[in-house]
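Please look over the model shown here.

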Amino acid sequence: MELPVLEPEWEFGLFLSLFDVSFLFSFMVICTLILIRIREKEKRKSLLLIKSLCYTKFMGTQQGEHCAGSAFYYDEGADMLKIKNYVRPESLEEAYELNQKKSSCILGGMLWLKMGNRNVGTAIDLSKLGLNEIKETEEEFQIGAMTSLRELEVHKGLAAYTNGAMKESLRHIVGVQFRNRATVGGSIFGRYGFSDVLTMFLAMDTEVELYKRGRISLKEFAAEKPDRDILVRLIVKKKPARMAYISQRNSSTDFPVLTCAVSIEEDGNVKVAVGACPFRAKLVEDKENILKGFLSMEASEKEKAACDFALFAKEQVRTAGNMRASKEYRSLLVQVLVKRALLKAGGENGN
Ligand SMILES: Cc1cc2nc3c(=O)[nH]c(=O)nc-3n(C[C@H](O)[C@H](O)[C@H](O)COP(=O)(O)OP(=O)(O)OC[C@H]3O[C@@H](n4cnc5c(N)ncnc54)[C@H](O)[C@@H]3O)c2cc1C
């Protein structure tokens, strides 16, 4: 017996009777949501929405509404730092041991941490370990990891040593209350691409003291990926030098578009650090000795050397575009800021 052949319109009608239009529409919306939202929280939210639509379709609106409510609530609280245990260790050894678990986390001022969506097993607060001090001796500054950015900003010894560059590098970061809480440890350990703090310290003779590894240069540390060690303090060796710091921002207190710190030591050694390009700050080595004897040059010679080195830096520093600035604009800024910072540190008008 031959089966009756259905007209295409009939086939479509049959299909529609099985899944009515509203269900089909909901199904398509959910599929789109699942496809485009790849982050874990969005996946969970989409699943809750699927559940809510199924409940609404098959079990009445009350359960559906309840489930949709959960999806909404989930969204509200999704970007959150969740901490299971909070510990204030008595020693660095205890803090280090606790930090070896992947779910553990050292707390600085928590200003960056709190922005994320992270489940922390054990939060380790270093505030009992006396790491919030700046010690100044004839030879060096020792800056504890829990020292706030504000303490760095207002420290008289650092201000004098850096010709005000330290303050200049920090004063644009959000606001005073923020800088009262953000720590040096969190800023350096995080190795953020946008960091004014990392740029400034790179231009000085800085070492980091890590609990297990001991002292290494900041240059080496900055190039590495974060591990599970603890940053105990920064050590800045004092050398007679002239310094300058300049950053470019689209608007006051925003993240920088480019940062530049310069330190010209009296023995002729010059350090130029460029950051926020938008990659992590790096030193631009004077491989061609363009800046040799910079401090003792005449004004016109200084101008020429600064221009030449700025052009060299533009070629050396890798830049990229993002929502704040294009690659081309950043490269141009490298040239402009390096020249200005060199002239400013060298005692000339940098403009
Ligand atoms: C909205 C906003 C705007 C900002 N703008 C700027 C800016 O313009 N310029 C700039 O330079 N910075 C900026 N920052 C970064 C800020 O200055 C701090 O660097 C950042 O908040 C980290 O410092 P924290 O003390 O809050 O560290 P936390 O958030 O507590 O910690 C950051 C990371 O470092 C780890 N950590 C902290 N201390 C130690 C330690 N001693 N040993 C090992 N690991 C440690 C933590 O486990 C965490 O992974 C901004 C931050 C925010 C949130």
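β2 (105-107), α10 (184-190) and α11 (196-202) each supply at least two residues of the shell around the ligand. Helices (H or I, at least four residues) and strands (E, at least two) are DSSP runs numbered from the N terminus. This is a predicted model, in which local features need pLDDT of at least 70 and side-chain atom pairs count only at pLDDT 80 or more, while totals for chains, interfaces and linings use all residues. Residues are numbered from 1 along each chain as its sequence is written.

The contribution of α10 to the shell is the most, at five residues. In total 29 residues surround the ligand, and the closest are G108, G109, G185, G186 and S187; a residue is near a molecule if its C-beta atom, placed from the backbone, lies within 6 Å of it. The shell lies between domain 2 (81-125) and domain 3 (134-345), because both give residues to it. Domain bounds come from an automatic or database domain assignment.

Two sets of residues can be compared by class.

Helix α13 (residues 299-316) packs against helix α14 (residues 327-345) at an angle of about 150°, with the axes 8 Å apart. Axes are lines fitted to C-alpha atoms, for helices over the stretch in contact, and angles run from 0 to 180 degrees between N-to-C directions. α13 is therefore roughly antiparallel to α14, a term for angles over 145 degrees.

The loop between β11 (270-275) and β12 (282-283) holds P278, and the peptide bond from C277 to P278 is cis, with omega near 5°. A276 is placed in the loop between β11 and β12; its phi is near 60°, a positive value in a residue other than glycine.

Notes: Parallel < 35°, antiparallel > 145°, perpendicular 65-115°, else oblique.
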